[in-house]
Amino acid sequence: MTEEERLAKNNRIREKGKQTKQKRKSQVCRAYCVKIDISHLNEAQKLHMKMLFVEAKWLYNHALTFTKEHDINDYDTKILTVNGLDKDRQPVTHELQYLGSQMRQSIIQGIKHSLKSLSTLKKHNHKIGALRYKSDYKSINLQQYGVTYRFYDENHIGLQGFKKRIRIKGAKQFWNISGLEIANAKLLNLPDG
């Protein structure tokens, strides 16, 4: 890339950023909650949904172990196997089959944010501890609309890794809003579904 092309590219990026800032001045941020209709999931989809959170826990704990000796920025999110301990504290190797690439990246990004927050608190003379291993994982950030997740209509959503559409309830509360721009979402594992 020549110097002239690089400068032209930087100018395009700068202009796009200015347009985004201007557009966001008139926008209002809202959060909506929709629920996956579990009664319409087949057994494979139920297993996939459960294993998303199990694999997220495995990845989180493996990344925490990695941070004890290395920098979290050096962690490879493309790995397919992680090491951990079973209930008897014996070492086991788990294969990641269900967790999508952007979901993995969001888990590692969450650890980075937590470490940065702890560092800031420590600089301000707060007493802090370390990040702890999780026995269960409650939420997975879905970063990019159209890639990690998408709404097909007011009753169906698609998630990364799922072959079929997933039936949802509650999207009618925002479906007909004109000028709606969808940002990120979180997949929550709550006791009621």
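How many helices and strands are there in the protein chain? In this predicted model, for which local features need a pLDDT of at least 70, side-chain atom pairs count only at pLDDT 80 or more and totals for chains, interfaces and linings use all residues, the chain holds three helices and eight strands. Helices (H or I, at least four residues) and strands (E, at least two) are DSSP runs numbered from the N terminus, residues are numbered from 1 along each chain as its sequence is written, and side-chain values use heavy atoms, with hydrogens and water left out. Read along the sequence, the elements follow the pattern α-β-α-β-β-α-β-β-β-β-β. The C-alpha trace spans about 55 × 50 × 40 Å along its principal axes, and buried residues make up 26% of the 193 residues in the chain; here, buried means under 20% relative accessible area, exposed over 50% and partly exposed in between (1.4 Å probe, protein chains only).

Helix α2 itself has 25 residues and reaches 36 Å from its first C-alpha to its last, close to the 36 Å expected at 1.5 Å a residue, where the expected span is 1.5 Å times one less than the number of residues. At the start of α2, a side-chain oxygen of N42 reaches to within 3.2 Å of the backbone nitrogen of A44. This approach falls under the heading of a polar contact, defined as a pair of N or O atoms within 3.5 Å, of which, within protein, one must be able to donate a hydrogen and the other to accept it, residues adjacent in sequence counting only if both atoms are side-chain atoms.

Strands β5 (residues 149–153) and β6 (residues 156–159) run antiparallel and are joined by four bridges, two strands being taken to pair if DSSP finds at least two bridges between them. A hairpin joins β5 to β6 through two residues, and D153 stands opposite H156 in β6.

The structure holds eight aromatic pairs; rings of Phe, Tyr and Trp (its six-membered ring) pair if their centres lie within 6.5 Å, and planes under 30 degrees apart count as stacked, over 60 as edge-to-face and the rest as tilted. Among them, Y32 and F174 form a tilted pair, at 5.1 Å centre to centre and with 40 degrees between the planes. Because Y32 lies in the loop between α1 (3–25) and β1 (35–36) and F174 in the loop between β7 (166–169) and β8 (185–188), this pair ties together parts that are 142 residues apart in sequence. Y32 is partly exposed, with a relative accessible area of 36%, whereas F174 counts as buried at 6%. Another tilted pair is formed by Y60 and Y137, with 5.8 Å between the centres and 55 degrees between the planes. Y60 lies in helix α2 and Y137 in the loop between α3 (101–123) and β4 (139–142), so this pair ties together parts that are 77 residues apart in sequence. Relative accessibility is 8% for Y60, which counts as buried, and 12% for Y137, which also counts as buried.

K134 lies over the face of Y60, at 5.1 Å from the ring centre, and the charged end of R165 sits over the ring of Y152, 4.0 Å from its centre.

Most residues other than glycine have a negative phi. R89, which is not a glycine, has a positive phi of about 65 degrees; R89 is placed in the loop between β2 (81–85) and β3 (91–95) and counts as exposed at 63% relative accessibility. N125, likewise not a glycine, has a positive phi of about 65 degrees, is placed in the loop between α3 and β4, and counts as exposed at 74% relative accessibility. By contrast, D37, in the loop between β1 and α2, is buried, with a relative accessible area of 8%.

Notes:
Lys NZ or Arg CZ within 6 Å of the ring centre and 35° of its normal.
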